[in-house]
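Here is a short note to read alongside the model. Please keep the picture open and find each residue as you go.

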Amino acid sequence: MDLNKTTLSEQIYQILKEDILTQRIPLGEKLTLKMLKERFEVSSTPIRDALTRLTEEGLVRYYSNIGVNVISPGRTDLQELYQFMGDLDALAILYSSRSKDLSEILKELEENIGLTRVSLEKEKLTQEETSLWISHSDRFHLIFYDYCHNTRLAVAAGRLRSQLTIFSNAYETGSL
């Protein structure tokens, strides 16, 4: 028998996170406990746990006595987010440059750049090719986090990357 080893709150968290990142739940959308209980057919405890994690990750905001809303960025939010993400990337590059695995880092970067070049040589990309290019671009940055040997830096950057994903998907869908 195959057992699902993730908790109910983890499963709900993953579903909601994916829905927010892909804009199936749009920016600014209010998430009510009642609506989520009906959707997932569960008690409020795993939903509250999932919402707490989404709040900690900065994907939703909790307003006392009001509820939870998916974040809705303003111009300043985006500027600050991209600036801070750049600062974190610079730290990851600095830390990874001190790694004993420099040849491995260079190898991965060369492979990644090669894959990215293939996409850039085309005049027009399909949606699937664009998604692949975005994946290669993300991987380029993540290589440095893999070798920076600082889990707190990597976790902080991961949280911000989720917010960036929301914003870029909202832009692509025209909701931003």
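1. Let us begin with a term: helices (H or I, at least four residues) and strands (E, at least two) are DSSP runs, numbered from the N terminus. Counted this way, the chain has 7 helices and 3 strands. Read from the N terminus, the order of the elements is α-β-α-α-β-β-α-α-α-α. The C-alpha atoms fill a box of roughly 50 × 45 × 40 Å, taken along the principal axes.

2. A word on the source: this is a predicted model, in which local features need pLDDT of at least 70 and side-chain atom pairs count only at pLDDT 80 or more, while totals for chains, interfaces and linings use all residues. Residues are numbered from 1 along each chain as its sequence is written, and side-chain values use heavy atoms, with hydrogens and water left out.

3. Next, what is hidden? Buried means under 20% relative accessible area, exposed means over 50%, and partly exposed lies in between (1.4 Å probe, protein chains only). Of the 176 residues in the chain, 35% are buried.

4. Now look inside. A nonpolar core is a set of buried Ala, Val, Leu, Ile, Met, Phe, Trp, Tyr and Cys residues joined through side-chain atoms within 4.5 Å. The largest one has 38 residues, and Leu16, Leu31, Leu51, Leu54 and Ile166 touch the most other members. Elements that each supply at least two residues of this core include helix H1 (8–21), strand S3 (67–70) and helix H4 (75–97). Helix H7 gives the largest share, 7 residues.

5. Side chains of opposite charge can pair when their charged atoms come close. Here a salt bridge is a side-chain nitrogen of Lys or Arg within 4 Å of a carboxyl oxygen of Asp or Glu, and the count by this rule is 7.

6. Start with arginine 139 and glutamate 108, a salt bridge whose closest N and O atoms are 2.9 Å apart. Arginine 139 sits in helix H6 and glutamate 108 in helix H5, so this pair ties together parts that are 31 residues apart in sequence. Are the two partners buried or exposed? Arginine 139 is partly exposed, at 29% relative accessible area, whereas glutamate 108 is buried, at 19%.

7. Aspartate 138 has its own salt bridge, with arginine 161, and there the closest N and O atoms are 4.0 Å apart. This pair links helix H6, which holds aspartate 138, to helix H7, which holds arginine 161, across 23 residues. Aspartate 138 counts as partly exposed at 31%, while arginine 161 is buried at 14%.

8. Salt bridges that share partners also join Asp19, Arg24 and Arg39 into one network. Within it, the side chains of aspartate 19 and arginine 24 meet at 2.9 Å, N to O. Aspartate 19 is buried, with 8% relative accessibility, but arginine 24 is exposed, with 55%.

9. Finally, check the backbone. Most residues other than glycine have a negative phi, and most peptide bonds are trans. Which way does the phi of glutamate 41 go, positive or negative? Glutamate 41 has a positive phi of about 55 degrees; this residue is in the loop between H2 and H3 and is exposed, at 73% relative accessibility. Histidine 149 also has a positive phi, near 55 degrees. Histidine 149 lies in the loop between H6 and H7 and is exposed at 60%.
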